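Have the structure open as you read.

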Amino acid sequence: MTSPKTINAAESGSWKLGGDLEINRIGFGAMRLTQRGEAFAADAAPSDRDRAIGVLRDAVELGVNHIDTAAFYFSPLRSANELINQALAPYPDDLVITTKVGPGRDPSGAWLPHATPEQLRGQVEENLRQLGRDHLDVVNLRIVGTGSIAERFGALAELRDAGLIRHLGLSNVRPEHLDEAQAIAPVVCVQNPYGIGVRPDHDEFLRTCGERGVAFVPFYAIAAAGREAGARGTDSDEVLAVARDHGASPAQIRLAWTLHRGPHVLAIPGTGNPDHLAANVAAGTLRLSETEQAVLESLHRSGT
């Protein structure tokens, strides 16, 4: 596996969210930080607090300056936002924290109905309180379903105008949602499931985002069909062969392929394991040949 010790996330390249927030293209996702095993599982065991805080501090030391989180990322005894606050406040000037609103969970962890436009302000304020911030760098409206988002996105645009939010994004959306949102306010990022064999039907959407200057931020780039449970530990012969040629892990190849999809494509791999964190950052240095990209592209289009 590619050695992580002298690697810095800056080697993955950078992107400016909204034209003013410059971040390294390898970031960190906080979903897996609060528990051991599958995210959101009812019987999830809380993560080790000191280890989680250590992973966050290691991420910043490795040059990660983009962290993706949400108030609904929690397990018994652990909250991702509060771990981030404890580990990193006072925050580095260049650190960009992106959060999501829309879904919610009650104290037992059960999912609540999607937030109404009126409820979104409360969710934004919950993120502000947990993170200890007076404004949020980026707030993504997380979508459940295919209906219109105009009222909900409009409510967030009003909070942006009020100074509680700097930039707006979308999560788990279709192309028509981006059109609808951009008619209301600027959109700096789209966060959707995507990776080798994951949503090849979104290839054109990814390109459209780039043409509009919108960052495309895949989630499940490593986990693929494993989703919240994480990677299944089985990879195709094609991925394994490319990994051997680079002295890398299959997970690193999946991340590298994601970054090769365009300069506007960012990565937010999540982990509570310091070794996996370092390996994920190291993946940003991998350069795939045109032949390797073609092989992986064929695999991607087959949906495997």
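Start in helix 3, which spans residues 117–131 and holds both arginine 121 and glutamate 125, four residues apart, or about one turn of the helix. (Helices are DSSP runs of H or I with at least four residues, numbered from the N terminus.) These two side chains form a salt bridge, and their closest N and O atoms are 2.9 Å apart. The term salt bridge here means a side-chain nitrogen of Lys or Arg within 4 Å of a carboxyl oxygen of Asp or Glu. Arginine 121 is partly exposed, at 41% relative accessible area, and glutamate 125 is partly exposed too, at 37%. (Buried is under 20% relative accessible area, exposed is over 50%, and partly exposed is in between, with a 1.4 Å probe and protein chains only.)

A word on the source: this is a predicted model, in which local features need pLDDT of at least 70 and side-chain atom pairs count only at pLDDT 80 or more, while totals for chains, interfaces and linings use all residues. Residues are numbered from 1 along each chain as its sequence is written, and side-chain values use heavy atoms, leaving out hydrogens and water.

Next, find aspartate 161, which forms a salt bridge with arginine 160 at 3.8 Å between the closest N and O atoms. Aspartate 161 is exposed at 61%, whereas arginine 160 is partly exposed at 26%.

Arginine 199 and aspartate 201 also meet in a salt bridge, at 2.8 Å from N to O. Here arginine 199 is partly exposed at 34% and aspartate 201 is exposed at 52%.

Finally, look for Asp203, Arg261, Glu297 and Arg301, which salt bridges link into a network. The count of salt bridges comes to 11.

How values were computed. Helix = DSSP H or I, 4+ residues; strand = E, 2+ residues; numbered from the N terminus.
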